[in-house]
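Me: I've never looked at this structure before. Could you walk me through a few features?

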Amino acid sequence: MIVLPAIDILDGKPVRLYQGDYGQSKCVADDVLVCAKNFEAANVRYLHVVDLNGAKEGSRVNEDLICEIVKTCDIPIEVGGGIRTMSAIDFYIENGISRVILGTSAIQDIGLLKDAVSKYGSKIAVGLDCKDGYVCTSGWLETSKEYYLDFAKRMEEIGVKTLICTDISKDGTLQGPNFEMLKALKNHISCNLIASGGVRDLSHIQICKELGLYGVITGKAIYEKTLDLKEALSIC
């Protein structure tokens with residue numbers, strides 16, 4: 001299992017939200033690039049980056065900064081947030097991003113998703129962001145009518161290899177991921193599953209590992225030092 005430290009970018013700064021609420025953002029460091037270099041120094045195997053402005057506005061807002069991370073760090077990087085056109089996908093892949101995460105467009109533009117998977121295969125991941133069991137879009141600001149298990153199965157049938165699974169009510173709370181949701185997904189589909197949201201400490205990393213997940217994303221726990229990243233990496 002891989003541990004993916006998260007860098008969420010809002011207005012050019014690394015921040016953490018609480019339950020996806022843009023009104024409850026907290027700056028966690030002075031510099032995005034310094035964060036990324038620190039994670040590289042810790043020997044992480046993958047980095048998770050989200051353009052929060054992009055997710056809200058539906059376009060690439062912090063693209064220059066994200067490309068600078070790629071140039072500065074020798075780590076595979078996955079990026080999400082506002083990627084809703086093939087040109088946006090092409091841009092990130094051509095600029096060295098290892099995996100592009102589609103969220104809103106995976107629900108609202110199934111043709112784009114199919115084309116992207118056909119063109120880039122495993123370089124395309126889908127964010128499965130849920131609230132009360134239903135998939136959310138537009139930076140988590142809107143809830144669809146699609147149940148998360150049905151959505152996950154449809155993604156698998158399209159050929160999506162990786163799903164990033166977040167229970168929005170858990171995100172930023174340090175209360176642990178929604179393990180029941182993750183178990184249900186593990187039993188329902190064969191995609192690679194990455195848990196995201198709510199990780200507090202080593203015990204949550206261990207549970208994710210025991211569930212047989214492909215990866216786990218952690219952000220706030222690292223920044224608030226409730227999780228020792230080096231320890232987490234050592235057990236994975």
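This is a predicted model: local features need pLDDT of at least 70, side-chain atom pairs count only at pLDDT 80 or more; totals for chains, interfaces and linings use all residues.

Me: Which residues of helix H8 are buried?

Reply: Buried means under 20% relative accessible area, exposed over 50%, and partly exposed in between (1.4 Å probe, protein chains only). Helices (H or I, at least four residues) and strands (E, at least two) are DSSP runs, numbered from the N terminus. In H8, residues 179-188, the buried ones are Phe179, Met181, Leu182 and Leu185. Looking down the axis of H8, these buried residues fall within an arc of 155° (taken from the directions from the axis to the C-beta atoms), so they line one face of the helix. Glu180 and Asn187 are exposed on the other side of H8.

Me: What do the buried residues of H8 pack against?

Reply: Contact means heavy atoms within 4.5 Å. The partners are strands S7 (124-131), S10 (162-167) and S11 (192-196), plus helices H7 (148-158) and H9 (202-210).

Me: How many aromatic pairs are there?

Reply: Rings of Phe, Tyr and Trp (its six-membered ring) pair if their centres lie within 6.5 Å; planes under 30 degrees apart are stacked, over 60 edge-to-face, and the rest tilted. That rule gives four aromatic pairs. In one of them, Phe91 and Tyr92 have ring centres 5.4 Å apart and planes at 70°, so the pair is edge-to-face. Tyr134 and Tyr147 have centres 5.7 Å apart and planes at 65°, so that pair is edge-to-face too. It links distant parts of the chain, with Tyr134 in strand S8 and Tyr147 in strand S9, 13 residues apart. Tyr134, Tyr147 and Tyr148 form one aromatic cluster.

Me: Which residue lies over the face of Phe91?

Reply: A charge sits over a ring if NZ of Lys or CZ of Arg is within 6 Å of the ring centre and within 35 degrees of the ring normal. Over Phe91 you'll find Arg60, at 4.2 Å from the ring centre. Lys56 lies over the face of Tyr22, at 4.8 Å.

Me: And how many disulfides are there?

Reply: A disulfide is a pair of cysteine sulfur atoms within 2.5 Å, and the count here is zero. For Cys35, the closest cysteine sulfur is in Cys27, 8.5 Å away, too far for a bond.

Technical notes: Residues are numbered from 1 along each chain as its sequence is written. Side-chain values use heavy atoms; hydrogens and water are left out.
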